[in-house]
Amino acid sequence: MSAEHHLARAQELYERSVFGDDHDTLPAADLALDAVEADLALARGRVVHARFLRDRVEDPAELPLFSRAAQLYQQLGDARGEGEALFWIGCFHQVVRQDDDAAVPALQRARTLASAAGDRHTLAEVLRHLGIAAHRAGHHDEARERLEASVRLREELGHHAGVAANLVGLAYVAAGDGRPDEVPGLLERAERLAAEHGAAAVARQVGEARQALGYDRAS
């Protein structure tokens, strides 16, 4: 349900309490507002995270926003929302804090909840970041499996910029796993998708990968 619906429901229940002496409606009004607060906290946390990606400066508000969203979704019995919030908690620890030990448990729990809820978007994100964690830990087969699974989901969802980002990750995995012949093709496909879908940030990542892996066209 939309925030507008939840707010209208809270207003209706408020009026029933104030004008109709039906005070039993107030707990339901609180739940409607909790749903709005959870969605807002999650959305605000994502915007804060985007600023981190731009500036590379941690904002102390980010983790509390995602944690509050997860808490509220859990209280509401919204497993899909809780799974998404837990994904962002894991993403915060991995991307902002560079702490996979803290990130992986949240990501694994998010995977369980997203799978149960049929939330393919969150599942694709979770698998990407579990793949990153596996790659950092030197588990190349697991990293490849997770990233390829994320690619398949993102292709199904039409998230082409996300596919391109995962292909960059797979290029790093291939280079580290003794499969250098796969790297150029992965980067070329990533570059093409990024250009076709206006993903300037991913195009930059392709350039960075070419330099890091020794496939810089200028060299």
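Just after helix α2, residue R56 adopts a positive phi of about 60°. This description concerns a predicted model.

A series of α2 residues is buried, including A29, A32, A35, V36, A38, A41 and L42, together with G45, V48, H49 and F52. The elements that cover the buried residues of α2 include α1 (3–20), α3 (62–76) and α4 (79–96).

The largest nonpolar core has 27 residues, of which L42 and F87 touch the most other members. Helices α2, α3, α4, α5 (100–117) and α6 each supply at least two residues of this core, and α4 gives the most, with 9 residues. Leaving aside neighbours within four places in sequence, L42 is in contact with F66, A69, Y73, E84, A85 and W88. A second, separate core comprises 23 residues, among them V151, V163, V202 and V206.

Helix α6 (residues 120–136) contains T122. T122 counts as buried because its relative accessibility is 2%, and the cut-off for burial is under 20%. The side chain of T122 makes a polar contact of 2.7 Å with the side chain of D119. Not counting residues up to four places away in sequence, T122 touches G83, E84, F87 and A114.

Technical notes:
Residues numbered from 1 in each chain as written. Predicted model: local features only at pLDDT ≥ 70, side-chain atom pairs only at ≥ 80, totals over all residues. Heavy atoms only, no water. Helix = DSSP H or I, 4+ residues; strand = E, 2+ residues; numbered from the N terminus. Buried < 20%, exposed > 50% of the residue type's maximum accessible area, 1.4 Å probe, protein only. Polar contact = N/O pair within 3.5 Å; in protein donor to acceptor, adjacent residues only side chain to side chain. Contact = heavy atoms within 4.5 Å. Core = buried A, V, L, I, M, F, W, Y, C linked by side-chain atoms within 4.5 Å.
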